[in-house]
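Here are some exercises to work through with the model open beside you. Try each task before you read its solution.

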Amino acid sequence: MELLQYTSGDATEALDWLTQLDREHKLTDDNYGIGDFIEDLKKHGYLQEDQMNGAYLITAKTEQTIRKRSLDEIFGKLKKSKQGNHNIFKSGLGDELNPETRPFEFGDALEAIDYTGSLKNAFINHGVDQLSLLENDLEIHETDFKTQTSTVMMIDISHSMILYGEDRITPAKKVAMAMAELITTRYPKDTLDIVVFGNDAWQIEVKDLPYLQVGPYHTNTVAGLELAMDILRRRKNPNKQIFMITDGKPTCLKIGNKYYKNSFGIDSKILNRTLNLAGQLRRLKIPVITFMIARDPYLQAFVRNFTEVNNGKAFYSSLDGLGKFIFEDYVRNKKKRV
């Protein structure tokens with residue numbers, strides 16, 4: 001499963017790597033070899049063979065297993081809670097009890113009565129000799145509203161995501177798969193859409209994430225933001241946000257059928273279009289939370305400028321800390337929004 005994430009879902013290449021590791025580290029023995037392991041994978045539904053060319057392919061079961069492994073690896077063991085619970089700090093006629101109580105009012109739901117507190121009030125108010133529970137003894141648990149959130153995760157797939165001897169795309173994919181698994185299993189009323197951007201931007205399905213590869217692309221941040229904005233316009237949830245994982249500055253625009261590119265420094269033409277979109281998103285109350293996985297000071301200065309215009313947030317994260325930052329911010333946002 002780990003090798004498949006580095007081979008972009010190419011099962012044949014992953015098995016080739018595994019065979020080389022087996023020769024070097026003696027993972028198997030005469031009683032159980034890699035061939036036996038392959039047959040077990042096929043038997044249990046993790047691997048299938050292409051009837052046309054004999055190549056090995058992973059199955060939907062494997063795709064889901066990779067997402068679950070990513071969730072466990074990045075976010076750790078999450079405490080169980082009722083699905084769909086995204087509490088916001090606003091008390092009232094909600095559907096989640098909290099520890100705070102208040103006096104009973106006409107119209108309050110009976111299931112919200114705090115019986116322990118109410119009986120205590122009755123004993124205090126009327127004595128313990130004869131139980132007498134009146135309306136003014138009753139206490140009610142405060143309730144919290146639940147909120148739903150629509151998130152678009154933008155993943156930079158420009159060539160720099162694998163340059164300089166550092167694989168940045170695999171951690172980005174892992175985080176996206178972990179987020180997808182988290183939302184599917186714990187917050188099913190939320191939505192997550194995945195947008196990738198290079199010279200252009202396009203939407204991919206969650207099931208496509210294991211196969212995602214970096215291309216010989218520049219970074220068209222504008223195209224990614226425009227597509228994310230279009231997706232969120234169609235979402236009915238009142239709370240919307242964009243998570244953008246990138247390692248660099250915007251270097252590309254598409255004008256008509258032509259591409260305007262400049263990889264040297266920060267091009268003012270590209271910068272102005274990007275900042276204009278940041279302002280539009282701010283007016284639509286859609287924050288962009290940027291996760292910059294590069295440390296160059298001038299790149300961080302661009303992110304600060306973008307974040308200020310959008311009134312969003314920025315994290316300057318190492319690859320190891322990327323998942324933790326995204327998870328914590330996602331949950332925190334759910335609690336703060338009305």
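**Exercise 1. Find the residue of β7 that is the bridge partner of Asp156, then follow the pairing onwards.**

Solution. Start at Asp156: its bridge partner in β7 is Phe197. Before going further, note that this is a predicted model, in which local features need pLDDT of at least 70, side-chain atom pairs count only at pLDDT 80 or more, and totals for chains, interfaces and linings use all residues. Residues are numbered from 1 along each chain as its sequence is written, and side-chain values use heavy atoms, with hydrogens and water left out.

Next, widen the view to the strands. Helices (H or I, at least four residues) and strands (E, at least two) are DSSP runs, numbered from the N terminus, and two strands pair if DSSP finds at least two bridges between them. Strand β6 (residues 149–156) and β7 run parallel, joined by seven bridges.

Now look at the other pairing of Phe197: this residue stands opposite Ala201 in β8. Here β7 and β8 (residues 201–204) run antiparallel, with four bridges between them.

Finally, trace the path from β6 to β7. Together with helix α6 (residues 169–186), these strands make a right-handed β-α-β unit; right-handed means that, with the strands pointing away from the viewer, the path from the first strand over the helix to the second runs clockwise.

**Exercise 2. Decide which residues of β7 point one way, which point the other way, and whether they are buried or exposed.**

Solution. Begin with the rule: in a regular strand the side chains alternate between the two faces of the sheet. In β7, Thr191, Asp193, Val195 and Phe197 point one way, while Leu192, Ile194 and Val196 point the other way.

Then check burial, where buried means under 20% relative accessible area, exposed over 50% and partly exposed in between (1.4 Å probe, protein chains only). Seven of the seven residues of β7 (residues 191–197) are buried, so the strand is largely enclosed by the rest of the structure.

**Exercise 3. Work out which residues of α3 are buried and what covers them.**

Solution. Helix α3 spans residues 34–43, and its residues Ile34, Ile38 and Leu41 are buried. These residues lie on the same side of α3, because they cover an arc of only 60 degrees around the axis (the arc is that of the directions from the helix axis to the C-beta atoms).

Among the elements covering the buried residues of α3 are α2 (11–25), β1 (47–49) and β2 (56–58).

Continue into α2, where Ala14 is found. Ala14 counts as buried, at 8% relative accessibility. Leaving out residues up to four places away in sequence, Ala14 touches Leu3, Leu4 and Thr7.

**Exercise 4. Classify the aromatic pair Phe291 and Phe315, then the pair Phe302 and Phe306.**

Solution. Set the rule: rings of Phe, Tyr and Trp (its six-membered ring) pair if their centres lie within 6.5 Å; planes under 30 degrees apart count as stacked, over 60 as edge-to-face and the rest as tilted. By this rule there are four aromatic pairs.

For Phe291 and Phe315, the ring centres are 5.2 Å apart and the planes at 5 degrees, so the pair is stacked. Phe291 belongs to strand β12 (residues 288–292) and Phe315 to strand β13 (residues 313–316), so this pair ties together parts that are 24 residues apart in sequence. Phe291 is buried at a relative accessible area of 0%, and Phe315 counts as buried at 17%.

For Phe302 and Phe306, the centres are 6.2 Å apart and the planes at 45 degrees, so the pair is tilted. Both residues sit in helix α9 (residues 297–310), and being four residues apart they are separated by about one helical turn. Phe302 is buried at 7% relative accessibility, and Phe306 is buried at 1%.

To finish, look for a cluster: Phe243, Phe291 and Phe315 form one.

Definitions and conventions: Contact = heavy atoms within 4.5 Å.
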